[in-house]
Amino acid sequence: MKRTIKKVAVLGSGVMGSRIACHFANIGCKVYLLDIVPPSLKEEEIKKGLTLESNQVRNRIVTENLNNVLKAKPAPLYQSAFVSRIQTGNFDDNLSWLKDCDWIIEAVVENLDIKKNVFDKVEKLRKPGTLITTNTSGIPINFMLEGRSNDFQEHFCGVHFFNPPRYLPLMEVIPTPKTNSEVVDFLMYYGDLFLGKTPVLCKDTPAFIANRIGVFSIMAVFKLMKEMDLKIKEIDTLTGPLTGKPKSATFRTADLVGIDTLVKVAKNIFNDCPKDESRELFQIPDFVEKMVEKNWLGDKTNQGFYKKSVDEAGKKDIYELDIDTFEYQPSAKTKHASVTAAKQIDNLSDRLKTLAFSKDKAGEFLNKLFLMIFQYSSNRIPEIADELYKIDDALRAGFGWELGPFETWDVLGLEKSIKIMEKENLKPAAWVSDMLAKGFKSFYKIDDGKKQFYDISTSSYKEIPGRNNFIILENIRTNVPVWNNVGAVLHDIGDGIVNLEFQTKMNTIGSEILEAINKAIEITEKDFKGLVIGNDGQNFSAGANLAMIFMLAAEQEYDEIDFAVRAFQNTMMRIRYSSVPVVAAPHGLTLGGGCELCLHSDKVVAGAETYIGLVEVGVGIIPAGGGSKEMTLRASDSFTEGAIEFPELQNRFLAIAQAKVATSALEAFDLGIFRKGNDKYVINPHRIISEAKKAALEFADQGYTMPQQRENILALGRSAYSTLLVGIYSFFNAKYISEHDKKIAEKLAYVMCGGDLSAPTLVSEQYLLDLEREAFLSLVGEKKTLERIQSILTTGKPLRN
């Protein structure tokens, strides 16, 4: 059956309901968001003369809930204008809207009777065949089938989104025995392609997959903290990015989610899983119970495991809870030799080995934690999943782990780990020992660029399903590269297309990357059809290598800086003017030079979560890798006959001068960084490189011709420059910007207006490149610029001077 989702109803407008509604609005659906009618008037409503029959009152709950979510950071919408796609209403007046919906999502409070009451009303209105799903995280899905019609049961399923739905890709799909298989297949397909999710098919067991394992890991941390006398911040250092986990680590995550929510999930697992061999671990520790009693629930009550404090001078500090004294105190600095060593290692797998097998306290803690998670995860098969890859997928997509439990186990070595586990009385499930006995030494292997998992039922490796449309560079790295240097690798990704993957820290662009880009284009022109520049790291590129610039500027090596800037400009122009198509595939942070690379590509295929901008002004310089030139060129191309030209230039000037960063790919179109009608975005990050490959092939197969350098860019000259200066001086006089900011803005305005031109004049790209390079060189040696760069390098934050 062919399904098209045009209209979606979300029943329940709490944090999850409103955020789910926002994400469906993100992808273009018409969304109806409904909630209950308030039982009484507020005092301010009485003063306004409103009654319980007033529409404003009847929709108060849904309106307030949605507005609260819209104020949240990070934003739930790709663009604020998308809120127009959401229509709010209430259960008493507007349930008739359900008749037109293709998918109805229940997201009311976690109370079975209330959910059943909602379904009674839905049953009377939904048209046959309409999808109906519940977002429950704790109530068995099959409990909700009682009293429902056959058609309802066949089209009913659990679909559990993780909060916030825009940013966390996990979508657990939990069918009942009555759910039509076509419905399950559609939800898995739609979640992947349209919602950008990692859909994981789950069994109807308590807490499903991600929360079952994820909450276990948190409870294990609580246990080890008491046993080993570790502090909160100390543990968060060990269970954050250092070991491939989110920055929020363990205790900050608990504060964000809500300690009461964590307690509720843990208690549900304890009560509903009497046969769980680790059931006692889900007993709530005394110190957590005490926190709940005191209403120290995390961010929602402004204190939990951490508490923010502001002194009389306005300085903000974050204190951690001492679980013995129950007083908040500054985090004590703790040093572990293994942590110091691990911080010098970029590769996560190598870092984990260093940490887990070290003999200090940090190593002992992590080793015990890993082994407990390994044992528990192995024992959950086949209870919560039949295939081990589902557990890894769920933890990566739902909890932000870079490696799931079985992937981590492979890194640390299966045989070596099991020997330690047996000594620690943490013996894994029997199927793991059976697997080893049969000669299988790892849970995963790469075969011909495809990742395979060990299938327990057949005692063989099988390809992970649903990934035929993904190009995963991690799986290709076992192949011999086409070319590589210390900072980048050129992979053959098939059909005559190669992909250049940056591998520097934060994928910053230095001389090794410039060499790689030029070499990649040279090789592609000789032996291939097209080039994609993309990677599967956390970020596409944080921009140019500031450390190199700082070193050269501090030593006043201006000839070297001039050479480096010319090399950067020439490389960007090589991207634009090559005889093969070059497609950029950005995602995550794409700043400065990373943005300039995209500006010069034939096409950009971006992830929806791309945060892109020309941010050089923040470090005291202007874009000089062709960014200032390209934004001037695009302003010129947007001029229409008879229209006033200056506003188009001004908008692009402000985008650079204010170091604006798009918070989604869609905002990048509004800033003029991405080109409407040419560039595109992809919701699912796993599809970015494969879609970029398709774009490169399309260019090549249609007959790609190298474009000619532009000589016809209209620079507006002194008139526009004078107008921009008025604005700059106004900002300076109002003390919105510093003296140094003013100088930077003046230089940028000079470049983007074409320099000292008495009248609007057609100029070449090279003319503008020379201007931006000269401006860059005049700024980079300034004392205040060096201070800003040093601040970025040492603290990660720009200095306002």
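Biologist: Why is the crossing of helices α26 and α29 called right-handed?

Modeller: A crossing is right-handed if the near helix is turned clockwise from the far one by less than a right angle, and left-handed if anticlockwise; the crossing of α26 and α29 is of the right-handed kind. The model is predicted: local features need pLDDT of at least 70, side-chain atom pairs count only at pLDDT 80 or more, and totals for chains, interfaces and linings use all residues. Residues are numbered from 1 along each chain as its sequence is written, and side-chain values use heavy atoms, leaving out hydrogens and water.

Biologist: What makes α26 oblique to α29?

Modeller: Helix α26 (residues 646-657) and helix α29 (residues 717-733) pack at an angle of about 45°, with their axes 11 Å apart. Angles under 35 degrees count as roughly parallel, over 145 as roughly antiparallel, 65 to 115 as roughly perpendicular and the rest as oblique; therefore α26 is oblique to α29.

Biologist: How do you know that β19 and β21 pair?

Modeller: Two strands pair if DSSP finds at least two bridges between them. Strands β19 (residues 582-585) and β21 (residues 603-607) have two bridges, in the parallel sense, and A584 stands opposite V604 in β21. On β21 and β23 (residues 680-682) there are three bridges, again parallel, with V605 opposite K680 in β23.

Biologist: Why is β21 called mostly covered?

Modeller: Buried means under 20% relative accessible area, exposed over 50%, and partly exposed in between (1.4 Å probe, protein chains only). Five of the five residues of β21 are buried, so the strand is mostly covered. K603, V605 and G607 point one way, V604 and A606 the other.

Definitions and conventions
Helices (H or I, at least four residues) and strands (E, at least two) are DSSP runs, numbered from the N terminus. Axes are lines fitted to C-alpha atoms, for helices over the stretch in contact, and angles run from 0 to 180 degrees between N-to-C directions.
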